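The entries below keep the order in which I looked things up.

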Amino acid sequence: MRQRSINIESIGHPQPIPLACRIGPILATGGIMGRDSETRVMPEDVAGQAANCFRNLALVLAEAGMDMGDVVKITCHVRDDGAREAINASWLEHYPDPAHRPARHTQIATLRGAVLIQLDALAVAKEAA
């Protein structure tokens, strides 16, 4: 099989579905939630969840041998359109240079439980792993 499933126990994802899948230089993620990877606590606010989403995405990319600079598109699924300000704060932390940012799309979604935001991403590595 060409696929390499990416799983990280500390961020969790319902089995049997992996957090991400890499084939050659391409990585696609499923939903990356805002649960804290160390405490496993879900913040009650969208800013805390957004910050954790981006940190968790970085963990998934690292597990696949990639980094935030390999991301070509991020989709932010949010309960409330007012989450954009919180997303932008984390976005600018990870992508401060306007000349080096992936594409981004934000859409309103029905999310489960305490989840206020989740991300999915597409990334392309410089070299195949």
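I looked up the bridge partner of alanine 28 in E7 and found leucine 122. The model is predicted, so I kept in mind that local features need pLDDT of at least 70 and side-chain atom pairs count only at pLDDT 80 or more, while totals for chains, interfaces and linings use all residues. Residues are numbered from 1 along each chain as its sequence is written, and side-chain values use heavy atoms, with hydrogens and water left out.

Strands here are DSSP runs of E with at least two residues, helices are runs of H or I with at least four, and both are numbered from the N terminus.

On another pairing of E3, I noted strand E2 (residues 20-23), which is antiparallel to E3 over four bridges. Cysteine 21 stands opposite alanine 28 there. E2 and E3 form a hairpin with two residues between them, and in its turn glycine 24 has a positive phi of about 55 degrees.

Next I asked which residues of E3 lie on its covered face and which on its uncovered one. Leu27 and Thr29 are on the covered face, whereas Ile26 and Ala28 are on the uncovered one. Isoleucine 26 belongs to strand E3 (residues 26-29), and I recorded it as partly exposed because its relative accessible area is 43%; buried means under 20%, exposed over 50%, and partly exposed in between, with a 1.4 Å probe and protein chains only.

Last, I stepped back to the whole chain, whose elements run β-β-β-β-α-β-α-β-β from the N terminus on. Its radius of gyration is 14 Å, close to the 14 Å that the globule rule gives for 129 residues, so the chain is as compact as a globular protein of that length; the radius is taken over C-alpha atoms, and the rule is 2.2 Å times the number of residues to the power 0.38. Buried residues make up 39% of the 129 residues.

Notes
Two strands pair if DSSP finds at least two bridges between them.
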